[in-house]
Amino acid sequence: MPKAYVFTRYGGPETEALVDLDRPRPGPGHLLVAVRAAGVNPVDWKIRGGLRRPGETGERAFPSVLGSEVSGVVEEIGEDVTGFAVGDEVFGNALSGGYAEYAVLSAGLAAPKPAALSFTDAATLPVAAATAYDGVRQLDLPAGATLVVVGAGGGVGVAAVQIARAFGVKAVGVASEAKKDLVESFGAAHVASGPGWTERVREAAPDGIGGVYDLVGGEVFTEAAQLVQDRTKLITAGVSPDEAARLGAARVERARTAAVLRAVADLVVSGDLDPHVTRTYPLEQAGEALRAVEDGHARGKIVIEVAA
C-alpha cells in the first residue's frame, strides 16, 4: 500500500506516524498525482496543532496527511477535468495532504510544471512563493519604490524580496543578524531586527518607504505601522484580519489561482526567483524535515522528496 506521513490527533510531534494508506481517488474536478516532492511549511505543524485552514468546516478525519504543497506526475483524472492528461508533470496545493506517495489536487488550482523547473523547486512554490507574489501584487508599488519586508529571512520573506526586485521595486529586509548574508544575497538591504529596528529601516530607506509587508505579527506589526502614513500600503500575514483592520491595514489577499502558480514558476525559470532549497529529506524522514521547520532554524526551504 502507498505510504503517507500523518498525524493521528491534534497535538505535537508525538501524534505523527508513517503509515500505509489506501491510494486516494480523485473526485470531479480533481487530479490524482504521484508525488515527487512536497514542500514543508510552518503551517503544516500549526495545522497538526489544531489550526484550521481558511474555509475549513466540520471535524477533521484522522489519520490526516500532513503537507500543503506538492509536485508530481498525473496518475488519474477525475470527471469534468480538461487541460490535463495522465503523465503530465504538475504542481499545486494538495487537497489530501502532501507528505505521501499520492496526493489529490484541484485541477483548477494546479499548474503544468515547466521542463526547466525541477520537481523539488516546484514543490516550494504553491505556499511560500505564491503568498509572497500575492502580497507584492496587492501592494502594487511603482518601479523604484521601496518595499520593507519584515521577516525577510523566512520562506515567504526570501521570495518577497526577490519578487519585488523582479518588479523593479527596491527591497529592505528586516531579519536577524544571523540572516544578514542570506537577505543581502537576494539583493535586499538588510536591517537587523530587534529594538530600534524601525529607525534603522528609515536610515536604510532615505528616499521614503512605499510599502511594508509584515510576516511577523504581534508587537512587531504594530511597530511596522509607524513606517507608512498610508495604511493601505501595510499588509500582513502575521495577525488576524480584525487586528490588521484595527491599524487600517489588511491581511494578504491570497489569489489561490493557477495563474499565480504559473507566474512564480516563470520567475524561477527566468532566474528572477531562487526557491532556495537548503535541504531535502526522503519520505521516511518526513518527521525530521518537519522538525527542521518547526524548530525555526531552517534557512530557506525544506523539501521532502518521494521516490518514483
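**View 1. K113 sits over the ring of F119.** K113 lies over the face of F119, 4.7 Å from the ring centre. To count as a charge over a ring, NZ of Lys or CZ of Arg has to be within 6 Å of the ring centre and within 35 degrees of the ring normal. R23 does this too: it lies over the face of Y102, at 5.3 Å from the ring centre. A quick note for every view: this is a predicted model, where local features need pLDDT of at least 70, side-chain atom pairs count only at pLDDT 80 or more, and totals for chains, interfaces and linings use all residues. Residues are numbered from 1 along each chain as its sequence is written, and side-chain values use heavy atoms, leaving out hydrogens and water.

**View 2. Three strands make an open sheet.** The order is β2-β1-β4, with antiparallel pairing. β2 (16–20) and β4 (64–65) stand at the edges with a single partner strand each, so one side of each has no neighbour in the sheet. Strands here are DSSP runs of E, at least two residues long, and helices are runs of H or I, at least four, numbered from the N terminus; two strands pair if DSSP finds at least two bridges between them. Strand β1 (residues 3–7) is joined to β2 by five bridges, and F7 has E16 as its bridge partner in β2.

**View 3. F7, Y10 and F62 form one aromatic cluster.** The structure holds four aromatic pairs. Rings of Phe, Tyr and Trp (its six-membered ring) pair if their centres lie within 6.5 Å; planes under 30 degrees apart are stacked, over 60 edge-to-face, and the rest tilted. F7 and Y10 have ring centres 6.2 Å apart and planes at 40°, so this pair is tilted. For F7 and F62 the centres are 5.5 Å apart and the planes at 75°, so that pair is edge-to-face. F7 lies in strand β1 and F62 in the loop between α1 (42–48) and β4, so the pair ties together parts 55 residues apart in sequence. F7 is buried, at 1% relative accessible area, while Y10 is partly exposed at 32% and so is F62, at 34%. (Buried means under 20% relative accessible area, exposed over 50%, partly exposed in between, with a 1.4 Å probe and protein chains only.)

**View 4. Helices α3 and α9 are roughly perpendicular to each other.** That label covers angles of 65 to 115 degrees; under 35 is roughly parallel, over 145 roughly antiparallel, and the rest oblique. α3 (residues 125–139) and α9 (residues 258–270) pack at about 95°, with axes 10 Å apart.

Terms used
Axes are lines fitted to C-alpha atoms, for helices over the stretch in contact, and angles run from 0 to 180 degrees between N-to-C directions.
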